[in-house]
Amino acid sequence: MRALALHLGLLAGLLALHFVLPAYHHGNLARVMVLASYGVGYNLLFGYAGLLSLGHALFFAAGMYGAGLMVQHGGLGAAGAFVVGVVVAAGVAAALALLALRTVGVGFMIVTLMFAQAGYLAILHFSEITGGDEGFVLPQAGRMLGSVDLSTPDARYLAALALFSVCLLVSLALVRAPFGRVLVAIRENEERVRMLGYDTQATKWVAMVLSGAISGAAGAGYAILFGYVGASFAEAQYSILPLLWVLLGGAGTVLGPFIGALFMFYLIDLASGVTSAHMLIAGVALVVLTLFAPQGIMGEVRRRLWRGLP
Amino acid sequence: MTALLQLRGLGRDFAGLRAVDAVDLDLAKGEVRALIGPNGAGKTTLVGMIAGRIAPSRGRVIFEGRDITRLPAHRRMRLGMAYTFQITSVFAGLSVAENVALAARRRVRGAALAEAVAAALGRVGLGDRAGQVAGDLAYGHQRLLEIAMGIAQRPRLLILDEPTQGLAEGEIEGFARLVRDLAGEVTILLIEHNMDVVMALAERITVMEAGRVLAEGTPAEIHANRAVQAAYLGGAGDAAAG
């Protein structure tokens, strides 16, 4: 009950901020919410099931290109394109999971990294369709949800909030359900879970498909709300970012991805206002946090204040 | 058919080494069977093949008349087996109750789940520790939690791999009472080094040596068996029991 109140409270707070934030931060927060949705997807697999993927950019990009290409070449509106993006990402995750889950540990990291790289190169290779390196700007038709123009700041913020709310609450429900308990148990000791009669391979497969679908939803949302589809979102950097957000915010906590994404976004934002070596400041902050709060921010909250934090 | 479990010519090689040769074994419904033998005799490999953790090189495993040789471990557990690990492997980061709930959830959900968890914990005497984090429990209590998880699965065959290892005297007595209490409702296959425990609990004993079954019989028969004495009770037995 308290847990639900906390998460709904955060969403209510984000809604309230919509009315009071100055334009600059209003825009930033919309972006952070979409990125945090991506982090929520990543966290499901890494934080709960304990599977470290280095290829989630593939799912983010699958959602982004699935939605973007349907607008560009298929003439769909925002709603239809979004659904296609999610389905494509889930499909890509389902296929990759069949292969990648045959490996564990470092093998899993390498297989996911390689397939994401292959996806990135495929986007560059089929440049006539994908726009290659430069990507493409989404036509205005693809940014219309019925008669609502999602490219206006107000609609964009509220759409980002809606996307994040759904991802967050789905994640909360999943990890509190028996399914989530089994994921945590797999993270702790997979062999023991197997010997309790669970098909751990099937469970991990479902987790990876859900993780891919949520990541794809974030990718599709990003394309529609910010109007740009580009190959840079399929690069390795976009596989590392959600890992950093989740580690900073607290792996295996529902709120961790949001806190991590918010923290890192503003860290880089503030640092770049001070110096051109802003990544250096970001790096130092990461090291400090890793030293003093190895469980991440929400992980530390769980350890010190609230052990039952989901 | 009264046999719950039948092994026929079951064997396993590891890189040319014959860990288990060709074991035939019949386990009757409701019996408490001890599996003993010196270290390296192939006991853990044999139960690993029964539980599905290790694929056999030859032979068959038949559970309740059904050939399960090719079934993966989780399917065997669902058919009515439970396996407790030699090395304590509870979920250290989860609560005691959640550990047992994970074991019980394959069978029951909802209100019945809480009952099943409470019943299993009460059975092993951990009822007042349900809310504790499993990793914070004392070693002996973690072993009991393992057994509570086995009970919560409500198996027809419970495989206990060296359950008294590392337990204190008083804890071993408590464990023996628990097994006697369970005998009759569930068939138990017990791998055990502590000969006092084996002699006190087992209805029949199977002795393994070098991957083969050396002898099988009641505790009295095994006690009187010269081959067993020579191979096991004489030399390695003292060391293992001590």
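**Ground rules.** I number residues from 1 along each chain as its sequence is written, and chains are lettered from A and ligands numbered from 1 in the order in which they are written. Because the model is predicted, local features need pLDDT of at least 70 and side-chain atom pairs count only at pLDDT 80 or more, while totals for chains, interfaces and linings use all residues.

**Strand 7 of chain B.**

I then checked the pairing, which requires at least two DSSP bridges between two strands. Strand 6 (residues 81–84) of chain B runs parallel to strand 7 of chain B and is joined to it by four bridges, with B:Thr84 opposite B:Leu160. Strand 8 (residues 187–191) of chain B is also parallel to strand 7 of chain B, through five bridges, and there B:Leu189 is the bridge partner of B:Ile159.

**The other sheet I looked up in chain B.** Four strands form an open sheet in the order 2-1-4-5, with antiparallel pairing. Strand 2 (17–28) and strand 5 (66–67) of chain B stand at the edges with a single partner strand each, so one side of each has no neighbour in the sheet. Eight bridges hold strand 1 (residues 3–14) of chain B antiparallel to strand 2 of chain B, and B:Leu5 stands opposite B:Leu27.

**Contact between the chains.** I found that 14 residues of chain A and 18 residues of chain B take part, a contact being two C-beta atoms, placed from the backbone, within 7 Å. On the chain A side, seven residues are nonpolar, two polar and five charged; Ala, Val, Leu, Ile, Met, Phe, Trp, Tyr, Cys and Pro count as nonpolar, Asp, Glu, Lys and Arg as charged, and the others, Gly among them, as polar.

**Helices 3 and 4 of chain A.** Among the residues that meet here are A:Ala62 and A:Gly66 in helix 3 of chain A and A:Gly85 and A:Val88 in helix 4 of chain A. The residues of this contact divide into 15 nonpolar, four polar and no charged.

Methods
Helices (H or I, at least four residues) and strands (E, at least two) are DSSP runs, numbered from the N terminus.
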